[in-house]
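Visitor: Hi, could you walk me through this one?
Guide: Happy to, let's bring it up.

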Amino acid sequence: MIVIVCALILLMLAAAIAALLFKDLINAVIASCMVSLIAAILFYLLQAPDVAMAEASIGAALVSAIFIIAIRRTQRNEE
Amino acid sequence: MRSVIGIVLLLIIAWGIALSLDRIPFGESKTQVGDYYIEKGREETGATNVVTSVVVNYRGFDTLGEVTVLFVAAIGLSAVLSARRKKQKGEVEPASLVLNTGCRFLFPLILLFGAYIFIHGHLSPGGGFQGGAIIASAFLLVYMGCRGRRISETGSKTVESLSGLIFLAVGLIGLVVGGRCFLSNFLPKGELNSLFSGGVIPIIYIAIGCKVGSELGGIIDRLVEESG
Amino acid sequence: MTFLQDYAYYIGAFGLVFVGLFTMLVKRNLIKVIIGLSILETGVNLFLISVGYISKGTAPIFSKAGLEAERMVDPVPQALVLTAIVIGVAVLALALSLAVRLYHHYGVLDLRKIKEQRW
């Protein structure tokens, strides 16, 4: 059990560092969406189903959609 | 150069935090307020979801503040992005038939699922905010799938304002009837685990669910309209 | 092993906080800074929920009629984090609208070039 939790936390940190390092902004948004999804799984493992549902629906779906619509209005690459 | 300064600053902060993390043992009971809410929550509010009774009944004023913050953010977004009214209607290429029909078929099912979640907020995990977000993602599906269809702006603004007013009206009625304080629980508690239990909690959660759903749908509508 | 069991969630939460802070301090593109803000808020919410965890506890919902409150997890941090998630999405929406407006006005999203252009 603790091995699964450690693997999930490592995956979440790797996705966060990838969101920092990507040059294409759409890739960075998808990496931050993955951070939100793994955080929702961790919320469920910490016995908080309300918060897991809120994080999955608001953090993963709506925030990523708002980011992608805003990136379409501005430029796509970082430099 | 800037990244070196950033890493040094973050290492200093990390050292300070690591020193004080010893005082927070993981997995032990730390406060007594939570125990009081778990023991007395069922009799005093009638809702079986303790988190819902904390959010709506014991800390209902904080929820009112949060709904206000969301409202101000939606108004601010509308004010900053003043949409230049050039609606070129005839230039949107329609999506393929499969995508169009699939999205139109799924839209009422997702609305029904979101309504189920915020109506049963006091019995199972869920509530107003989660259900409202699911309703907003149903609108997002229609925007992405069937291009050229928009939700009516006056309809969404009317639903949003009316739901906020219902929340405030329920709070003000609590001043007159029942416990004589703002947002008091004045309806009968009912029996546990049934749909009509919890007093005033389902009414407030239905109002919050409609309000958050139409608000987030309005935010997405305003952002998509800007992009032309 | 017990060190990992005790501190795994804290290390994960503060790792996210530091990655988000580093992105906000160092990166120049405005949308990258806002992505860093989103990661920072997720880290803080994870820390709050992991503080409220009681070992071998269950979710604070009385789903069956005769369930007793043996060991339930603290419900107060969950209520506060629910509020925090919704306020986080409100702040992100407003920040992105300001970024779109800045791009219309200046033509670039690089913070240093915007600072140079001034008036």
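**A chat about the model**

Guide: Let's start on H1(A), where the face turned away from the buried side carries Val3(A), Ile4(A), Ala7(A) and Leu21(A), which are exposed. Keep in mind that this is a predicted model.

Visitor: OK, and which residues in H1(A) are buried?
Guide: Those are Ile9(A), Met12(A), Ala15(A), Ala16(A), Ala19(A) and Leu20(A). Looking down the axis of H1(A), you find the buried residues within an arc of 145 degrees, so they line one face of the helix.

Visitor: What covers the buried residues of H1(A)?
Guide: The cover includes helix H2 (25–45) of chain A, along with H1 (2–26) and H2 of chain C.

Visitor: What should the 20 residues of H1(A) span?
Guide: At 1.5 Å a residue they should span 28 Å, and the end C-alpha atoms are 29 Å apart, which agrees.

Visitor: Switching topic: how many residues does the contact take from chain A and chain B?
Guide: Chain B gives 17 residues and chain A gives 14 residues. On the side of chain B that touches chain A, H6 (128–145) and H8 (201–226) of chain B each supply at least two residues. H6(B) has the largest share, with 7 residues.

Visitor: How do the residues on that side of chain B divide?
Guide: Into 11 nonpolar, 5 polar and 1 charged.

Visitor: And what does the model score overall?
Guide: Its ipTM is 0.94 and its pTM is 0.92. Chain C averages a pLDDT of 89, with 93% of the residues scoring at least 70.

Visitor: Which element of chain C has the lowest mean pLDDT?
Guide: That is helix H4 (residues 111–117) of chain C at 82, while helix H2 (residues 30–51) of chain C has the highest, 95.

Terms used
Residues are numbered from 1 along each chain as its sequence is written. Chains are lettered from A and ligands numbered from 1 in the order in which they are written. This is a predicted model: local features need pLDDT of at least 70, side-chain atom pairs count only at pLDDT 80 or more; totals for chains, interfaces and linings use all residues. Two residues are in contact if their C-beta atoms, placed from the backbone, lie within 7 Å. Helices (H or I, at least four residues) and strands (E, at least two) are DSSP runs, numbered from the N terminus. Ala, Val, Leu, Ile, Met, Phe, Trp, Tyr, Cys and Pro count as nonpolar, Asp, Glu, Lys and Arg as charged, and the others, Gly among them, as polar. pLDDT is the predictor's confidence in each residue, from 0 to 100. The expected span of a helix is 1.5 Å times one less than its number of residues. A residue is buried if 20 or more other C-beta atoms lie within 10 Å of its own, exposed if 12 or fewer, and partly exposed in between; C-beta atoms are placed from the backbone. The arc is that of the directions from the helix axis to the C-beta atoms.
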